[in-house]
Amino acid sequence: MSSALHDLLDLLDLEQIEEDIFRGRSRSAVIPRVFGGQVAAQALVAAGRTVPGDRSAHSLHAYFLRIGDPGAPIVYTVDRIRDGRSFTTRRVVAVQHGQPIFHLSASFQIHEEGLEHQAPMPYAPDPETLPTAAESLPAYAEHFIDSGIADRLLEARAAVDLRYVGAPPYGAVGEPREPRSQVWFRANGKLADDPLLHVCLATYVSDMTLLDSVLLAHGRGGWAVGDVVGASLDHAMWFHRPFRADEWLLYDQESPSSSGGRGLGQARIYTQDGRLAITVIQEGVIRVPR
């Protein structure tokens with residue numbers, strides 16, 4: 001296991017300070033605010049720790065309310081909304097400096113057999129044939145507004161092996177393209193056999209690249225290039241089938257719309273053998289600086 005992955009797992013190992021109340025901390029971010037995927041993953045950890053072990057997360061719906069302060073702890077309060085025979089519902093509020101910064105509702109279900117079908121996995125090249133972030137990011141450094149951004153991106157994503165199938169938004173500035181993006185990802189090391197941990201790792205990664213497809217549609221490079229500013233607004237995930245976050249997962253992303261200073265990204269995450277594991281939808285603020 002890489003030291004970066006060890007640090008990320010430590011970040012997700014929340015401190016319980018009272019019944020249904022947990023405290024988390026933040027890691028250094030590329031930009032001076034808490035990474036949205038981190039607070040979403042920590043909130044899901046908090047919810048999951050109040051749920052019986054025979055129930056797995058099947059969906060989450062979340063809103064990012066305020067920018068998080070990476071220098072202050074985050075307190076997660078869990079409300080036990082419902083404990084049914086098949087489903088368990090939890091609501092989590094993340095608080096900093098006395099104000100809510102994030103709200104999550106999550107639902108958990110016992111294992112059941114039922115009808116089965118799925119959308120087919122799209123074509124993507126073998127992830128092992130694609131360049132790693134360490135191999136590809138330096139080539140784009142000339143596009144960044146800050147010479148240190150490439151190094152900070154590599155540090156922020158060191159816990160995850162994330163490989164773009166095509167050029168990322170900052171690699172094709174000024175060239176509008178089809179609003180679709182694909183990345184392969186997996187944890188940078190072996191994880192324990194805890195289903196909640198794998199779901200939380202995927203939640204963490206899901207906020208990294210989902211709005212790339214919005215940027216591609218307009219030939220924008222993103223915050224690192226300085227031609228847009230933005231932030232996540234809301235985030236939803238549905239977990240369809242078991243998966244391991246330490247094995248390759250294909251994140252197939254597209255954007256059906258952008259308007260009103262907002263962009264919508266939707267995606268499907270597949271295991272390498274073609275099983276549809278997760279569906280993700282996110283809307284974010286995306287504004288062109290004046």
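What follows goes from the sheet to one helix on it, and then to a pair of helices.

The model is predicted, with local features needing pLDDT of at least 70 and side-chain atom pairs counting only at pLDDT 80 or more, while totals for chains, interfaces and linings use all residues. Residues are numbered from 1 along each chain as its sequence is written, and side-chain values use heavy atoms, without hydrogens and water.

Twelve strands make up an open, antiparallel sheet, ordered S1-S2-S4-S5-S6-S3-S9-S12-S11-S10-S8-S7. Strands (E, at least two residues) and helices (H or I, at least four) are DSSP runs numbered from the N terminus; two strands pair if DSSP finds at least two bridges between them. S1 (15-18) and S7 (160-164) each have a single partner strand, so one side of each lacks a neighbour in the sheet. From one strand to the next the twist averages 25°.

Within the sheet, S9 (residues 229-239) pairs with S12 (residues 276-287) in the antiparallel sense over ten bridges. His-235 is opposite Gln-282 in S12. Helix H5 (residues 195-209) packs on the sheet and touches strands including S3 (55-64), S9 and S12; contact means heavy atoms within 4.5 Å.

Two packed helices are described by the angle and the distance between their axes. The axes of H2 (residues 36-48) and H5 come within 7 Å and cross at roughly 160°; axes are lines fitted to C-alpha atoms, for helices over the stretch in contact, with angles from 0 to 180 degrees between N-to-C directions. Residues of H2 including Ala-40, Ala-41 and Leu-44 meet residues of H5, among them Val-199, Cys-200 and Thr-203.
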